[in-house]
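Hello,

Here is the structure I promised to pass on. Please have a look at it first, and then read on for my notes.

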Amino acid sequence: MRRTDRLFDLILLLRDGRLHRAEDLARSLEVSVRTIYRDMETLQLSGVPVEGERGMGYMMTAPITLPPLNLTLVELEALHLGMAIVGEVADEELQKAAQSLSAKIDAVLPEDRTTPPTGWGFAVYPFKDAASGFRFMPQLRTAIRTRQKLSITYATADGAPSERVIRPLQMEYWGRVWTVSAWCELRGDFRVFRADRIRALKPMAELFVEEQGKSLADFVAQQKANC
């Protein structure tokens, strides 16, 4: 076990607020008592609220958990773009940390959306491909706010290019993959486009108004009906 992982596990063990003997902690983590002594000194010097000494035991005197975060989609976009960059260009330890951090964020996101298609999960999707999906995020957000039609070149599942004119309705986050829910004028129906598969995007001069059967409310209703 790496030392950073062991220190984290020690904090988890101490979070109950009870007194723990070094011998018991060493047995739980399968290390020597001397190692526990050194780790406790490290935690105390790092500012972790742990009190105790050798021969007496150790206990945590205050919680150190972070408060809940309410992130907007744009904040999530910024956060995951940063982690995507770290995941591609940093050293192996930071790459694993970025992956672990994203997994933790994904785990506490609200679950008030439909289940994403299989294969969109965080752990299986490459950082490099995910990062490419951020290229057109500003234009997509603007088009949703202003109800502006978009002309896009989209790569289908087999990689073939497809020219589409869409009415973008909303963006959603599915664990590293971002999608655009839209009315597709080519198909005459709602479609969900992955942002990383958009190869080209051009805002059109034409705006759209909310029409019955083509609105976001209609799309949500259709999704619920299909569940």
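A question to start with: is Phe193 buried or exposed? Please bear in mind that this is a predicted model. Phe193 counts as buried, because its relative accessibility is 3%, under the 20% limit for that class.

Phe193 also has an aromatic partner. Its ring and that of Tyr154 form an edge-to-face pair, with 4.9 Å from centre to centre and 80° between the planes. Since Tyr154 belongs to strand 3 and Phe193 to strand 6, the pair ties together parts that lie 39 residues apart in sequence. Tyr154 is buried as well, with a relative accessibility of 8%. The model has three aromatic pairs in total, and one aromatic cluster is made up of Trp183, Phe190 and Phe219.

Five strands form an open, antiparallel sheet in the order 6-5-4-3-7. Strand 6 (189–194) and strand 7 (198–207) are at the edges with a single partner strand each, so one side of each has no neighbour in the sheet. From one strand to the next, the twist averages 45°. Strand 5 (residues 178–184) and strand 6 run antiparallel and are joined by six bridges; Cys184 has Asp189 in strand 6 as its bridge partner. Helix 7 (residues 137–146) packs on this sheet, where it touches strand 3 (148–155), strand 4 (161–173), strand 5 and strand 7. The direction of helix 7 makes about 75° with that of strand 4.

Next, the nonpolar cores. The largest has 20 residues, and those touching the most other members are Leu140, Leu150, Ile152, Trp178, Phe193, Ile198 and Leu201. Helix 7 and strands 3, 4, 5 and 7 each give two or more residues to this core, with the largest share, four residues, coming from strand 5. A second, separate core has 16 residues, among them Ile11, Leu14, Leu25 and Met60. As for Leu201, its contacts beyond four places in sequence are Phe136, Gln139, Leu140, Leu150, Ser151 and Ile152.

Thr153 counts as buried because its relative accessibility is 16%. Its side chain makes a polar contact of 3.0 Å with that of Glu163. Apart from neighbours within four places in sequence, Thr153 is in contact with residues including Pro161, Ser162, Arg197 and Ile198.

Best wishes

How values were computed: Residues are numbered from 1 along each chain as its sequence is written. This is a predicted model: local features need pLDDT of at least 70, side-chain atom pairs count only at pLDDT 80 or more; totals for chains, interfaces and linings use all residues. Side-chain values use heavy atoms; hydrogens and water are left out. Two strands pair if DSSP finds at least two bridges between them. Axes are lines fitted to C-alpha atoms, for helices over the stretch in contact, and angles run from 0 to 180 degrees between N-to-C directions. Contact means heavy atoms within 4.5 Å. Buried means under 20% relative accessible area, exposed over 50%, partly exposed in between (1.4 Å probe, protein chains only). A polar contact is a pair of N or O atoms within 3.5 Å; within protein, one must be able to donate a hydrogen and the other to accept it, and residues adjacent in sequence count only if both atoms are side-chain atoms. A nonpolar core is a set of buried Ala, Val, Leu, Ile, Met, Phe, Trp, Tyr and Cys residues joined through side-chain atoms within 4.5 Å. Rings of Phe, Tyr and Trp (its six-membered ring) pair if their centres lie within 6.5 Å; planes under 30 degrees apart count as stacked, over 60 as edge-to-face and the rest as tilted.
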